[in-house]
Amino acid sequence: MKSKLWYLTGVSLKRKIKTKWFAIANILLLIAIIGIVNIDNIINFFGGDFDEKNKLYIVDNTSYTYDTLANLVTTTSETYNDGESNFEIKKYSKTKEELKKEIEKDDKIIGLIVDKDENNYLDVTLISKEYIDNIDYQILNTSINNTKINIALSLSNIDKEEINKIYSAIDIKREYIDENKKSEEESQSMIMTTVFPFIILPFFMLTTILIQMIGAEVNDEKTTRGMEIIISNVSAKTHFYSKVIAGNTFVIMQGLLLLIYSAIAILSRKIFGGSLNSGVVLQVTSIAKDVMGNDIINKLLYTIPIVLVLMLLTFVAYSLVAGILASVTTNTEDFQQLQTPIMIVLLIGYYFAVMASNFEGSIFIRVMSYIPFISAIVSPSLLVLGEIGLMDVGISIILMILTIYLLTKYGLKIYKVGILNYSSTGLWKKMLKALKN
Amino acid sequence: MLKVENVTKYYGDFKAVDNLSFTVNKGEIFGLLGVNGAGKTTTFRMIMGLLDVTDGNITLDGKKIDYDVTDKIGFLTEERSLLTKLSVKEQALFYGTLKGMNKNKILQKLDDLLEEFGISQYKNKKIKELSKGNQQKVQFIMAIINDPSLLILDEPFSGLDPFNIELFKNKITELSNSGSMIIFSSHRMEHVELFCKKLLILQNGKTVLQGELDKIKEKYGKKNILIKGDIDTKKIEKIEGVIKVTELANEYEIKINDKTVVDDVFKAVKNNKITKFLVEEPSLNEIFVSKVGENYEK
């Protein structure tokens with residue numbers, strides 16, 4: 001019987017892997033991951049430029065505004081863009097009409113014509129070919145207004161040094177009583193940039209694949225009545241376990257493939273001449289540096305294996321539920337309907353995980369991290385935030401094992417009856433009766 | 001020998017099969033008949049070990065049904081039990097392996113059977129791409145690929161043309177001659193009559209008729225007389241023991257209570273211009289309708 005279990009498992013796996021759709025889906029995944037990692041190179045290749053700056057041509061008809069304005073635009077832009085200005089500034093001495101002609105040819109040029117104004121010190125006209133970026137407009141607006149104040153102050157005989165002091169930004173120093181705590185925004189950012197793409201999203205995706213794979217297979221064998229032939233030669237228990245093992249093996253394989261695709265994508269970035277210090281890779285590395293700097297890396301080294309154990313157990317639990325539900329349905333449409341509550345449970349976990357930082361310190365979110373089926377999604381976020389410890393994950397694992405035990409014990413009874421039942425009437429009655437037997 | 005002894009099956013409070021008993025010996029073709037919902041599928045499922053009996057025993061060659069025993073059983077279900085996304089070869093390998101056969105033996109047997117049924121060209125085709133008739137052939141091949149000692153055939157001729165029905169009949173006879181026990185179920189009584197020397201009719205899980213076909217017909221008593229020629233139907237209808245006179249396409253069918261009525265009917269028509277006077281046993285269909293009808297009325 002043992003050999004039939006492995007034979008059935010192998011057949012299920014082959015049926016999934018040896019399809020053109022598996023190959024097509026994986027090729028598309030590989031392309032998508034390579035594309036995301038190399039997005040800046042791709043845009044550059046098609047003639048765009050992530051780093052292309054605006055060209056700011058200033059026509060200074062006042063003769064005293066250009067230096068101050070150029071300086072303020074540069075510093076303000078640097079503040080908005082992580083220390084790098086988004087403007088190449090040039091003093092333009094030709095006519096307004098000629099400036100317009102140049103703007104017509106190059107949409108990256110923004111023209112500023114600065115004139116004297118008796119009431120407001122300055123009169124400024126901004127010329128662009130199309131709409132300009134909202135942030136760029138904010139930068140220019142702030143700089144122009146500050147230039148006006150600057151000029152006003154200098155006309156009031158305040159020396160330049162004093163004006164610079166007035167305009168210099170205040171560096172706000174931050175201190176945390178609890179060293180592990182970060183601000184809510186920083187926590188959210190950490191979840192969204194580290195835990196979300198590397199743990200929550202793949203887990204969500206793989207769980208969905210797992211549920212659909214097991215449901216589709218059981219349904220297919222049941223609706224074609226092939227189930228009667230199969231179950232007359234192997235026990236329902238063997239059949240059930242073969243589906244669970246095959247499903248879980250498949251998602252683990254798919255998970256490993258995703259890791260390989262990510263490695264290929266990073267390698268491709270090097271090959272295509274892209275820097276590993278820009279784009280998505282930069283985000284990842286900068287977050288990784290933050291993480292290391294905050295001693296979180298040491299925490300991750302021992303939390304990753306335990307989270308993986310919890311995730312694998314959760315995969316098993318979801319596959320058991322998918323098998324049980326698929327056994328009581330009589331067609332694919334019914335299974336798709338029954339699948340909805342499972343997806344909602346997954347989504348609840350997903351949102352709790354993403355918004356974990358909003359619940360900081362609450363017992364509610366800690367309890368959520370124990371709940372089977374969502375614990376594997378919620379726990380990683382809370383672990384990274386320092387909201388829960390390994391002991392809590394241990395509790396989640398124990399609860400998950402208990403859930404798997406109960407699902408196996410009682411679910412198998414439903415499965416045995418369900419797979420040979422072709423009527424959807426009195427379904428709950430049949431399930432309850434199967435549980436009592 | 002397959003032995004079904006006093007088997008009863010309940011689904012909750014519903015009695016699906018009530019105290020069913022029959023035996024099928026080696027080389028025998030046994031007819032298990034009944035209208036829809038009579039309990040045939042439940043009986044097949046119990047023989048296949050898919051369902052536990054509530055009471056009674058089922059043994060094959062003296063052994064209780066388990067997964068070793070079911071390796072020797074072939075089952076052709078009424079609905080298609082094929083995984084239609086697989087090719088014929090993949091399907092054979094799948095079911096054959098589950099029956100405990102090795103790969104070489106499965107492929108050898110598959111080639112022989114595909115050849116015999118004239119569908120060798122479909123070996124690597126997906127089952128869903130085949131016609132209904134060819135799918136039925138594949139289903140039959142899957143049921144017999146393990147040379148079953150017990151073969152259960154539930155509506156085996158479904159979707160077949162007369163030529164292929166003949167092909168199936170020959171194969172079923174061949175299997176029977178080689179010693180396979182066969183349980184045959186069909187709503188087409190003429191097919192059952194062709195094969196089955198022994199049969200059982202189920203209704204609402206209860207046995208309403210059981211035994212050897214010849215004896216059943218003998219016991220049933222009623223006969224049919226077929227007459228071709230000019231006859232006075234009103235005169236015949238008045239004869240005691242005549243149940244009904246029916247005008248067919250070019251002859252008359254006279255149903256009588258028993259064979260003693262034959263002489264009276266013959267006397268009534270012997271002076272007429274007749275070219276045919278034939279006394280027939282009642283068809284199984286007639287007996288089935290009569291017996292099941294009686295029970296409906298009860």
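Let us begin with one residue: B:E212 counts as partly exposed because it has 13 C-beta neighbours inside 10 Å. The scale behind that word is simple: a residue is buried if 20 or more other C-beta atoms lie within 10 Å of its own, exposed if 12 or fewer, and partly exposed in between, with C-beta atoms placed from the backbone. Keep in mind that this is a predicted model, in which local features need pLDDT of at least 70, side-chain atom pairs count only at pLDDT 80 or more, and totals for chains, interfaces and linings use all residues. Residues are numbered from 1 along each chain as its sequence is written, while chains are lettered from A and ligands numbered from 1 in the order in which they are written.

Where does B:E212 sit? Its place is in strand β10 (residues 206-212) of chain B. Helices (H or I, at least four residues) and strands (E, at least two) are DSSP runs, numbered from the N terminus. Leaving aside neighbours within four places in sequence, B:E212 is in contact with B:K197 and B:K198; contact here asks that the C-beta atoms of two residues, placed from the backbone, lie within 7 Å. B:E5 is 207 residues away from B:E212 along the chain, and their C-alpha atoms are separated by 18 Å.

Now step back to chain B as a whole. Its secondary structure comes to 11 helices and 14 strands, and its C-alpha atoms fill a box of roughly 70 × 45 × 30 Å, taken along the principal axes. Of its 298 residues, 36% count as buried. Among contacts in chain B between residues at least 6 apart in sequence, 69% join residues at least 24 apart. The chain is divided into domain 1 (2-216) and domain 2 (222-281), with bounds that come from an automatic or database domain assignment. The C-alpha centres of these two domains lie 41 Å apart.

Four strands of chain B form an open sheet in the order β2-β1-β4-β5, with antiparallel pairing; two strands pair if DSSP finds at least two bridges between them. At the edges are β2 (14-24) and β5 (63-64) of chain B, each pairing on one side only. Strand β1 (residues 2-11) and strand β4 (residues 55-60) of chain B are joined by five bridges, and B:L2 stands opposite B:L60 in β4(B).

Across β1, β2 and β4 of chain B lies α1(B), running at about 60° to β2(B). Such angles run from 0 to 180 degrees between N-to-C directions, using axes that are lines fitted to C-alpha atoms, for helices over the stretch in contact. Why is α1 (residues 40-47) of chain B described as largely enclosed by the rest of the structure? Because eight of its eight residues are buried; among them are B:K40, B:F44 and B:I47. Just after α1(B), B:G49 takes a positive phi of about 80°.

Next comes a second open sheet. Its four strands have the order β12-β13-β11-β14 (chain B), again paired antiparallel. The edge strands are β12 (242-247) and β14 (274-280) of chain B, and the twist averages 15° from one strand to the next. β12(B) and β13(B) form a hairpin with four residues between them, and they pair over five bridges. Within this pairing, B:V242 stands opposite B:I256 and B:K244 stands opposite B:K255.

Finally, look at where the chains meet: 20 residues of chain B are in contact with 18 residues of chain A. On the side of chain B, the largest share, four residues, comes from α3(B).
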